[in-house]
Every structure is written in C-alpha cells, then in structure tokens.
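Reader: I would like to learn how to read a model feature by feature. Can we go through one together?

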Amino acid sequence: MATDELVRWMIDVERRLIALKAFKDRPVVKASEVAESSGRSIQNISHALNEMEKRGLIEGVMPDKHSWKKYILTDAGQKVLDELENRKLLR
C-alpha cells in the first residue's frame with residue numbers, strides 16, 4: 001500500500017493516530033502505556049496497534065508473545081509518521 005493511502009487510512013480513525021503518535025516519544029511502545037497517557041482503554045489502543053501491525057506499519061518485538069506485546073515502527077510506519085508530521089496532522 002502506498003504511503004498516501006496509508007496516511008488516509010491512519011487519519012480515518014483517531015485511535016490509530018494516538019497510537020502512532022506514541023512512537024514520536026519512544027522507540028518501543030506498549031498498549032498499556034499509550035492507553036494510560038492518552039486516556040483511552042487498553043482494548044482501544046490494542047485494536048489500533050493490531051490494525052497497524054496488519055498493515056505493516058509496526059511489528060511486535062517478540063512476535064510469539066500475545067499479551068503485553070511491545071511494538072516498534074517499521075520503515076513504512078516511519079514514512080507515514082513523517083508524512084503526518086509534515087502535513088501537521090498529528091496533534
């Protein structure tokens with residue numbers, strides 16, 4: 001999927017933007033940390049992270065682990081983050 005398509009997909013749902021924005025501040029992200037800092041539920045943020053992982057924007061650090069997963073940005077995820085920042089679409 002092209003970066004422009006991924007940007008449009010990201011901005012369609014606020015929880016995705018919240019989850020992606022967390023990667024600006026830290027290289028490794030956990031759903032519980034994002035939920036706590038954003039006031040969203042862990043389930044809401046976990047859903048966003050799972051969606052992003054399926055699109056190849058992030059990947060699990062320990063892919064076999066199913067709970068309390070940690071994620072890092074992929075190159076595609078970094079491009080989308082950069083593009084959203086360039087367009088001033090991340091608050």
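Reader: Where does Glu33 lie, and how is its accessibility class decided?
Author: This is a predicted model. Glu33 lies in helix H3. Buried means under 20% relative accessible area, exposed means over 50%, and partly exposed is in between. Glu33 has 33% relative accessibility, so it counts as partly exposed.

Reader: What separates the C-alpha atoms of Glu33 and Ile45?
Author: Their C-alpha atoms are separated by 9.5 Å. Along the chain, Glu33 and Ile45 are twelve residues apart.

Reader: Is Lys88 buried or exposed?
Author: Apply the cut-off again: exposed means over 50%. Lys88 is at 70% relative accessibility, so it counts as exposed. Lys88 is found in the segment after helix H5 (75-86). Look at its backbone too. Phi of Lys88 is near 60°, a positive value in a residue other than glycine.

Reader: Now the sheet. In what order do the strands run?
Author: The order is S1-S3-S2. Three strands form this open sheet, and the pairing is antiparallel. Strand S1 (29-30) and strand S2 (58-60) are the edge strands. Each of them pairs on one side only.

Reader: How many bridges join S1 to S3?
Author: Two bridges join S1 to strand S3 (residues 70-73), and these strands run antiparallel. Take the partners in turn. Lys30 has Lys70 in S3 as its bridge partner. For Val29, the bridge partner in S3 is Tyr71.

Reader: Over how many bridges do S2 and S3 pair?
Author: Three bridges, in the antiparallel sense. Across from S3, Glu59 stands opposite Ile72.

Reader: How do I read the side chains along a strand?
Author: In a regular strand the side chains alternate between the two faces of the sheet.

Reader: On to pockets. What volume does the largest pocket have?
Author: About 250 Å³. The largest pocket is lined by 13 residues. Those nearest its centre are Leu17, Ile18, Lys21, Ala22 and Arg91.

Reader: Which elements give two or more residues to that lining of the largest pocket?
Author: Helix H2 (14-25) and helix H3 (31-38) do. H2 gives the most to the lining of the largest pocket, with six residues.

Reader: What classes of residue make up the lining of the largest pocket?
Author: Sort the lining by class. The largest pocket has six nonpolar, two polar and five charged residues in its lining.

Reader: What volume does the second largest pocket have?
Author: The second largest pocket has a volume of about 200 Å³. Twelve residues line the second largest pocket. Closest to its centre are Ala31, Ser46, Ser67, Trp68 and Lys69.

Reader: Which elements give two or more residues to the lining of the second largest pocket?
Author: H3 and helix H4 (42-54). H4 supplies the largest share of that lining, four residues. By class, the lining of the second largest pocket divides into five nonpolar, five polar and two charged residues.

Reader: Last, the rings. How many aromatic pairs does the structure hold?
Author: For a pair, ring centres must lie within 6.5 Å. The structure holds zero aromatic pairs.

Reader: Which residue lies over the face of Trp9?
Author: Arg16 does. Check the distance first: CZ of Arg must be within 6 Å of the ring centre. Arg16 lies at 3.9 Å from the ring centre of Trp9.

How values were computed:
Residues are numbered from 1 along each chain as its sequence is written. This is a predicted model: local features need pLDDT of at least 70, side-chain atom pairs count only at pLDDT 80 or more; totals for chains, interfaces and linings use all residues. Side-chain values use heavy atoms; hydrogens and water are left out. Rings of Phe, Tyr and Trp (its six-membered ring) pair if their centres lie within 6.5 Å; planes under 30 degrees apart count as stacked, over 60 as edge-to-face and the rest as tilted. A charge sits over a ring if NZ of Lys or CZ of Arg is within 6 Å of the ring centre and within 35 degrees of the ring normal. On a 1 Å grid over the protein atoms alone, a cavity is a set of points where a 1.4 Å probe fits but cannot get out, and a pocket is an open set with protein on both sides within 12 Å along at least five of seven lines; lining residues have an atom within 4 Å of a point. Grid points are joined across faces, edges and corners, and a volume is the space filled by probe spheres set on the points. Ala, Val, Leu, Ile, Met, Phe, Trp, Tyr, Cys and Pro count as nonpolar, Asp, Glu, Lys and Arg as charged, and the others, Gly among them, as polar. Two strands pair if DSSP finds at least two bridges between them. Buried means under 20% relative accessible area, exposed over 50%, partly exposed in between (1.4 Å probe, protein chains only).
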